[in-house]
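Let's take a walk through this protein together. Keep the picture open beside you as you read.

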Amino acid sequence: MTDQEWMRLAINLAELGEGDVNPNPLVGAVVVRDDQVVGRGYHRRFGGPHAEIHALDEAGDAARGATLYVTLEPCCHYGKTPPCTDRILQSGIRRVVVAAADPNPVISGRGLATLRAAGIEVTEDVLAEAALRQIEIFRKYITTGLPFVHLKLATSLDGRIATKTGDARWISSEASRIRAHQLRRRHAAILVGIGTALSDDPRLDVRHVFGRSPTPIVLDAHGGLPLTARLLRTGLSPIVAASAVPPERRCALEQAGCRVWEIPSPEGGVDLPLLVRRVGEAGLDSILVEGGGETAASFLAAGLVDRVSFFVAPLLIGGRDAVPAIGGLGIDRVEDAARLVDVTTEPIDGDLLISGRIPPGPSAAAPRP
């Protein structure tokens, strides 16, 4: 097998840590000797041993003279665990193949330099694009302190997320809903507007797959979330992001298990950039924005969205009063539209998942809220 094939195996292993390692990155590792896998590992949980350690433990003495494939540059500093470079040197590994350098400025390049200085052959940039996409949440958070913002919506073919009566169950297929819960598991927080909270009464937890549920956030300018909301019965300690909440209402929400963050905007409503910054300061590395249309428009208009994922179902809802996927006033010219890059498509039981990044900068124009 080629370096690329072994690295693909390591990338697939890394996915097994999804939802359990935040705010650390997903990392996978494979030890190969005489064209045979003798050790496999992935980063399983935050604070636990890194992927390389698990792979080397499994390989044991067979690691001597072998090649280590790892999706991210091995660490060379003491954090919650000892440096992986020390263990690699002790193991007798002859060659290390790395997909991507670590974007963490504490490590970037130093781990590879340590290995080279010790006489280990190092090969870089093997399936780098795939590995970097896999850690896109970690890359943004470790370099900026801001959470990665991922806008996810389920729409009909004509761009509606609900009928004129507000009915939205179910636009996407069951398989798509399972895939959407995989996205929930991957992110540290999940956000909806008060309109969605009132109309859908969502739980915002992970159900269709096994994994940790994200921290719910509700954009609720005046703290109107009903105390009977199902969200308050999940035990997830939701955050209510508001502009101004009467003291007695705030007390009631807090007694129901909410954390109330008052983050008023000079224009009225919630200051979204400040909210995103505060989410990062709370140690949450990512936000999955699930709607509705006005919330989506507001995040896009503020230039806060890093990735967009639309589950498009082969349905035609129609109607001028049906709910559009992106609300707000919209743009005036097509050339001002937010254009996605690195677009991928994935068929899911008749639906189509379309996902892509919104590049930073003035080219990422968006609808006005």
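## A glycine tucked away

Keep in mind that this is a predicted model. Gly356 has a relative accessibility of 0%, so this residue counts as buried, the cut-off being under 20%. You'll find Gly356 in strand β16.

So who surrounds Gly356? Which residues is Gly356 in contact with, once you leave aside its neighbours within four places in sequence? The list runs Asp306, Arg307, Val308, Leu340, Val341, Asp342 and Val343. Take Asp306 from that list: along the chain, Gly356 and Asp306 are 50 residues apart, but in space their C-alpha atoms are 8.7 Å apart.

## The nine-stranded sheet

Strand β16 belongs to an open sheet of nine strands. Reading across, the order is β11-β10-β9-β8-β12-β6-β13-β16-β15, and the pairing is mixed. The edge strands are β11 (259-262) and β15, and each of them pairs on one side only. Direction ignored, neighbouring strands in this sheet are turned by 20° against each other on average.

Strand β10 (residues 239-242) pairs with β11 in the parallel sense, over four bridges. Ala242 has Glu262 in β11 as its bridge partner. A helix also packs on this sheet: α6 touches β6, β12 (286-289), β13 and β16. The direction of α6 makes about 140° with that of β6.

## The five-stranded sheet

There's another open sheet to look for, formed by five strands in the order β2-β1-β3-β4-β5, with mixed pairing. Why is one side of β2 (36-42) and of β5 (121-123) left without a neighbour in the sheet? These two strands stand at the edges and each has a single partner strand, so there is no neighbour on one side. From one strand to the next, the twist averages 20°.

Helix α1 packs on this sheet, touching β1 (28-33), β2, β3 and β4. The direction of α1 makes about 140° with that of β1. Now for some pairs of strands. β1 and β2 pair in the antiparallel sense over six bridges, and Val30 has Arg40 in β2 as its bridge partner. The hairpin of β1 and β2 has two residues between the strands, and there Asp34 takes a positive phi near 55°. Strands β3 (residues 67-72) and β4 (residues 95-100), on the other hand, pair in the parallel sense over five bridges. Within this pair, Leu72 stands opposite Ala100 in β4.

## An alanine in a loop

Next stop: Ala322, which sits in the loop between β13 and β14 (323-324). Is Ala322 buried or exposed? Its relative accessible area is 6%, and since buried means under 20%, Ala322 is buried.

Leaving aside neighbours within four places in sequence, Ala322 is in contact with Arg160, Ala162, Thr163, Lys164 and Ile317. Look at Thr163 in particular: Ala322 and Thr163 are 159 residues apart in sequence, and 4.5 Å apart in space from C-alpha to C-alpha.

## The largest pocket

Time to look at the pockets. The largest pocket has a volume of about 1100 Å³. Of the 46 residues that line the largest pocket, the closest to its centre are Thr196, Asp200, Glu290, Gly291 and Gly292. Which elements give two or more residues to this lining? They are β6 (148-156), β7 (160-162), α7 (174-186), β8 (189-193), α8 (194-200) and α11 (293-301).

And what kinds of residue make up the lining of the largest pocket? You get 21 nonpolar, 14 polar and 11 charged.

## The second largest pocket

The second largest pocket has a volume of about 690 Å³. Of the 33 residues that line the second largest pocket, the closest to its centre are Glu15, Arg133, Gln134, Arg179 and Arg186. The elements that give two or more residues to the lining of this pocket include α1 (3-14), α5 (128-134), α6 (136-144) and α7, along with the strands β13 (307-313), β15 (341-348) and β16 (351-357).

Which element gives the most to the lining of the second largest pocket? That's α7, with five residues. By kind, the lining of the second largest pocket divides into 10 nonpolar, 12 polar and 11 charged residues.

Note on methods:
Residues numbered from 1 in each chain as written. Predicted model: local features only at pLDDT ≥ 70, side-chain atom pairs only at ≥ 80, totals over all residues. Heavy atoms only, no water. 1 Å grid on protein atoms, 1.4 Å probe; cavity = no way out; pocket = protein on both sides within 12 Å on 5 of 7 lines; lining within 4 Å. Points joined across faces, edges and corners; volume = space filled by probe spheres on them. Nonpolar A, V, L, I, M, F, W, Y, C, P; charged D, E, K, R; others polar. Buried < 20%, exposed > 50% of the residue type's maximum accessible area, 1.4 Å probe, protein only. Contact = heavy atoms within 4.5 Å. Pairing = 2+ DSSP bridges. Axes fitted to C-alpha atoms, helices over the stretch in contact; angles between N-to-C directions.
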